[in-house]
Structures are given as C-alpha cells and as structure tokens.
Amino acid sequence: MFLARVYVTLKPAVNDPQGLTVIGGLHSLGYETVEDVRIGKYLEIRVAADALTQAESEVTGMCDRLLANPVIEDYRFTLEQVE
Amino acid sequence: MKFAIIQFPGSNCDHDAYHATRHVLGQQAEFVWHKETRLRGADVVVLPGGFSYGDYLRTGAIARFSPVMQRVREFAEAGGPVIGICNGFQVLLEAGFLEGALLRNRGLKFLCRHVHVRVEQTDTPFSCGASVGQVLKLPIAHGEGNYHAAPDTVAALEANRQVVFRYCCAAGTVTDAGNPNGSLNEIAGVCNRRRNVVGIMPHPERACESALGSEDGRVVLESVVTAMAATGAA
C-alpha cells in the first residue's frame, strides 16, 4: 500500500485571485514580509499497488487524466509505503 | 426539431433551457438524464448551467465521465450542434470539446447580473441569425467564468475566428470595463474548429422573454432552429 500526497497548483503564468486576496488579508494583519501567495489543492490517495513504480505510474495517470487540468494547473506528488 | 437537454446531478438551468426551447420557441425538447446512453433522436444538444457534481474538484471536471457524454461526443463528431451554457461551457472545456479553461472570477465574487456581449462570428449554428457586432444583453450567474488559455491557444482561437461572443459595454465597444470576470480578450463564448460546438458563459436561455428583462438571448436559440431547418431537420 502506498500513500500518495498530491499537490495541484496553478501554473506560474495563471493569475490566482484567491491568492491575491489572501495577500491583502495577510498584509492587513501586519505581515508585510509576505510577497506572494498561491493557493492550490492537496489530495491524499491510498493506492493498493505492489511496487513503487506501479504506484508512481498510476498516480501520474490519475493526475494527467483527472486531478489536474493541464491548461491551468501543474502537479507533483510524493509516495510513501504505508501499512 | 428536437432539443436534448442533458441533466447532470446539480444542473439547475435545465428547466430554463426546456422552457425557452419548448415554450418560447415552440420546438420539441426532452430532458436526457446523464446516465442515459442515447440522445433520443435529438437534433441539438444543450448542456445547461448549474453546478454539476457540486463543482467538486473543478467545475465541470466530473460531468465529462457521465455515460451520456460519450453519445454527445459522437453527436458532435458527426457535426451535430452542441451548446454548453455556463456550467455546460465548463463541461465542454473539461471534456476537451473546446479549448481553454475557466478560472475563478478576478473579483472572486459570484456574479449575478446582466452584461453585454458582442456577436463576433455568425457562421456557427448558435449565432447565424445574428449580425456581426450585434450587442446582446444577457444575464450571467457564475463564480468561475474567467476564460483562460495559453497565449498560443488564444492566438490560434483568434486567428481561426473561434471567439463567437465577447464581453462589451452597452454600446458594443469591447473594453475591460465591460468585462465582468477578467476573461482573456474579453472572451464570453468560443466554438470548436468545426464550429458546430459552442460554449457561452452568459445565459441566452434566460433572456428569451421581455418579462425576464431581455429577449436578446432568443437569437442564439433561434439561430440553431434556422440552421437545422436549412439542413432538412424537421
């Protein structure tokens, strides 16, 4: 069993109005050090695969086909063997 | 002529589309549940607005896996006219019928008001009854209508004249002031290369009677009736 931790983020060139709004909120709280905020999605997926390579290939397929929209989003993930 | 109005779980403009096509235009219309695998001999397919699958993951992302979508794909590939309105537009983009994506509105707010769009192209089945430059007053009701695509995709859409509707001011000038959601190039609606599939963010089906504040949307639906009559569909 593998646990995939998938991060889906907007591509750098895509405007993120939610992130811009959060920057405004953080600045109004006094966090003037904040220069950028980007909001994305985090998914945890348990995959009953036997081998790391199999899990990796399946999660890549899931991201390409559904979890991320390649027009606007990038993704990355980590895999950890779990019980 | 028969309209098939696809109903996904969470569609909520399906009855608006039915009313406009059946009662206002006097055409045949049938609801087609998303689990069905036939289109009941329809001449036109409408993907209505709403929040299919609760907008989970991304707007329109899950609806494309509904069984009926395979039939809609075959229908479109055979040249049949398909229109996606609002969430239906989002579904067409996610399903790859049309190019681009719709992001959160630049002001973050859900926008529910009338806007103006200019008809840019009249050689699609959903705009052939209008004239180029005609301004339509149509309602919008969306949180994610901010059209985005890679610069080369947008350039190709423009070069191929696939931008069918553009946000504008009441006088018809395309400016940022008339753009409610931040869409690139003020894009409110596009078509595919073959021009038989059209996606539009505003709601023409909610603007078919003067009692609703505008009749300007009628030309969009009447266009397809005229277009199909010309091809011999009853």
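Residues are numbered from 1 along each chain as its sequence is written, and chains are lettered from A, and ligands numbered from 1, in the order in which they are written. Because the model is predicted, local features need pLDDT of at least 70 and side-chain atom pairs count only at pLDDT 80 or more, while totals for chains, interfaces and linings use all residues.

**Confidence**

The predictor's confidence in each residue is called pLDDT and runs from 0 to 100. Chain B has an average pLDDT of 96, with 99% of the residues scoring at least 70. For the model, ipTM is 0.80 and pTM is 0.92.

**The sheet of chain A**

Helices (H or I, at least four residues) and strands (E, at least two) are DSSP runs, numbered from the N terminus. Two strands pair if DSSP finds at least two bridges between them. Strands of a sheet pair through backbone hydrogen bonds, either parallel or antiparallel.

In chain A, three strands form an open sheet in the order E2-E1-E3, and the pairing is antiparallel. Strand E2 (41–47) and strand E3 (73–81) of chain A are at the edges; each has a single partner strand, so one side of each has no neighbour in the sheet. On average, neighbouring strands of this sheet are turned by 20° against each other, direction ignored. Helix H2 (residues 52–67) of chain A packs on the sheet and touches E1, E2 and E3 of chain A. The direction of this helix makes about 30° with that of E1(A). Such angles run from 0 to 180 degrees between N-to-C directions, and the axes are lines fitted to C-alpha atoms, for helices over the stretch in contact.

Strand E1 (residues 2–10) of chain A pairs with E3(A) over nine bridges in the antiparallel sense. Leu3(A) has Glu80(A) as its bridge partner in E3(A).

**The sheet of chain B**

Chain B has an open sheet of nine strands, ordered E2-E1-E3-E4-E11-E10-E9-E6-E7, with mixed pairing. Strand E2 (28–33) and strand E7 (135–142) of chain B are the edge strands, and each pairs on one side only. From one strand to the next, the twist averages 25°.

Let's look at E9(B). Strand E9 (residues 163–168) of chain B pairs with strand E6 (residues 111–119) of chain B in the antiparallel sense, over four bridges. Three bridges join E9(B) to strand E10 (residues 187–191) of chain B, again antiparallel. Here are some of the residues that stand opposite each other:

| Residue | Opposite residue |
|---|---|
| His116(B) | Cys168(B) in E9(B) |
| Val117(B) | Tyr167(B) in E9(B) |
| Val163(B) | Val190(B) in E10(B) |

A residue is buried if 20 or more other C-beta atoms lie within 10 Å of its own, exposed if 12 or fewer, and partly exposed in between, with C-beta atoms placed from the backbone. Six of the six residues of E9(B) are buried, so E9(B) is largely enclosed by the rest of the structure.

**The cores**

A nonpolar core is a set of buried Ala, Val, Leu, Ile, Met, Phe, Trp, Tyr and Cys residues joined through C-beta atoms within 7 Å. The largest has 73 residues, and Ala4(B), Ile6(B), Val45(B), Val46(B) and Leu92(B) have the most contacts inside it. Helix H5 (residues 218–231) of chain B gives this core its largest share, seven residues. A second, separate core has nine residues, including Val8(A), Val59(A), Ala68(A) and Tyr75(A).

**Loops and chain contacts**

Two residues are in contact if their C-beta atoms, placed from the backbone, lie within 7 Å. Gly178(B) lies in the loop between E9 and E10 of chain B and counts as buried, because it has 21 C-beta neighbours inside 10 Å. Eleven residues separate Gly178(B) from Tyr167(B) in sequence, and their C-alpha atoms are 5.8 Å apart.

Asn185(B) is also in the loop between E9 and E10 of chain B. Asn185(B) counts as partly exposed, with 16 C-beta neighbours inside 10 Å. Its phi is near 55°, a positive value in a residue other than glycine. Most residues other than glycine have a negative phi.

Finally, eleven residues of chain B are in contact with eight residues of chain A.
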